[in-house]
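This briefing concerns a predicted model. The points below are grouped by topic.

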Amino acid sequence: MYILKAMELSLKGRTAVVTGGTHGIGRAMSRRLAACGANVYIFDIDSDDEIDFPSHQVRCDVTSRASIQAAFDRSGVPDALFINAGTGIVKPLDETTREVWDKTISLNLTAAFETLQEGAARMKGSGKGGAIVLTASTNSYDGEESLIAYNATKAGVLGILHTAANELGPYGIRVNSVNPGLIRTRLTQAAFDTPAVIKDYFRAIPMGRGGEPDEVAKAAIFLASDWASYITGASLLVDGGQMCCKFGPWKDSEAEFNNGHWRLKK
Ligand SMILES: NC(=O)c1ccc[n+]([C@@H]2O[C@H](COP(=O)([O-])OP(=O)(O)OC[C@H]3O[C@@H](n4cnc5c(N)ncnc54)[C@H](O)[C@@H]3O)[C@@H](O)[C@H]2O)c1
């Protein structure tokens, strides 16, 4: 009889690089990676003395190619690369200046491309294969208002994802993305702190709430792990079901909104 043993999701002995790993989703990824036994390198423009899990903080501005190269010189060849640094500037169409556009494209799209190009070259050279996970968004697919530059970059990240998965497959390098919905980080804390905003927003989410950074981290680490050995070119929504429905399930007649969470009335 064939017995399948329970397998631990372990990244022992692997080198993991996380861009934008000091705060928010990237920090949660870094913490989980450390817990899975990886040797974690955080490439970030900012550092934090309060990071309390084993990791190497490497000061890096991913909008500078030289800075990315210098950071990879410190980390060595990654087995798993998480391209996560990004920002969102909220501006209506009329107020989206060329400066806002360029800043968003530079960090969310050009830096993602250059980080991937530099990381992939090293991974190909090592001959060991590996995994790359991009942080895209539900906004890769929808047109949420006042985020035209952001939405364009996150749609563009899928173009990077598909092409890189195609070209890197022969080298044993898998490329996937996580596509978070609204996740509680400093980027979104103001929305989370405004019940009137989140009550309506979360009405459209089957899980009835926003997400936490660690919920994205777990999905990203699955994609980078051997558990996802036949998955490449895929986008994994981590959005509480937001993208699967048009209007959402929560009705005032049947449900109530308390502490940031829609629940059915008892
Ligand atoms: N929070 C959400 O709701 C949400 C939803 C979907 C996608 N995302 C995406 O998740 C990613 C992380 O966002 P977050 O919400 O954790 O934001 P965050 O602001 O908490 O974290 C972003 C990190 O990127 C770093 N960073 C910024 N500019 C950098 C640069 N030039 N070089 C290196 N590092 C830089 C910051 O210092 C920070 O550590 C982004 O790509 C964002 O678009 C976030």
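Asn 176 is buried in this predicted model, because its relative accessible area of 0% falls under the 20% cut-off. The residue belongs to strand S6, which spans residues 173-180.

**Ligand site**

- The ligand is located in the largest pocket.
- There are 29 residues around the ligand, and Asp 44, Asn 84, Tyr 150, Ile 183 and Thr 185 come nearest.
- By class, this shell consists of twelve nonpolar, twelve polar and five charged residues.
- Helix H1 (24-35) and helix H4 (148-168) each contribute at least two residues to the shell around the ligand.

- Asp 44 places a polar side-chain atom 2.6 Å from an oxygen atom of the ligand.
- Gly 181 has a polar backbone atom that is 3.3 Å from an oxygen atom of the ligand.
- The ligand taken alone exposes 820 Å², of which the protein buries 94%.

**Ala 120 in helix H3**

- Ala 120 is found in helix H3, which covers residues 98-126.
- With a relative accessibility of 5%, Ala 120 counts as buried, because buried means under 20%.
- Ala 120 and Asp 46 are separated by 74 residues in sequence, and their C-alpha atoms are 24 Å apart in space.

**Residues with positive phi**

- Most residues other than glycine have a negative phi.
- Ser 146 is not a glycine, yet has a positive phi of about 65°.
- Ser 146 is placed in the loop between strand S5 (130-135) and H4.
- At 21% relative accessibility, Ser 146 counts as partly exposed, because that class lies between the 20% and 50% cut-offs.
- Asn 259 likewise is not a glycine and has a positive phi, of about 50°.
- The loop between strand S8 (255-258) and strand S9 (261-264) holds Asn 259.
- Asn 259 has a relative accessible area of 81% and is therefore exposed, the cut-off being over 50%.

Key: Residues are numbered from 1 along each chain as its sequence is written. This is a predicted model: local features need pLDDT of at least 70, side-chain atom pairs count only at pLDDT 80 or more; totals for chains, interfaces and linings use all residues. Side-chain values use heavy atoms; hydrogens and water are left out. A residue is near a molecule or strand if one of its heavy atoms lies within 4 Å of it. A polar contact is a pair of N or O atoms within 3.5 Å; within protein, one must be able to donate a hydrogen and the other to accept it, and residues adjacent in sequence count only if both atoms are side-chain atoms. Accessible areas come from the Shrake-Rupley method with a 1.4 Å probe; for residues, only the protein chains shown count as cover. On a 1 Å grid over the protein atoms alone, a cavity is a set of points where a 1.4 Å probe fits but cannot get out, and a pocket is an open set with protein on both sides within 12 Å along at least five of seven lines; lining residues have an atom within 4 Å of a point. A molecule sits in a cavity or pocket if more than half of its atoms lie within 2 Å of its grid points. Helices (H or I, at least four residues) and strands (E, at least two) are DSSP runs, numbered from the N terminus. Ala, Val, Leu, Ile, Met, Phe, Trp, Tyr, Cys and Pro count as nonpolar, Asp, Glu, Lys and Arg as charged, and the others, Gly among them, as polar. Buried means under 20% relative accessible area, exposed over 50%, partly exposed in between (1.4 Å probe, protein chains only).
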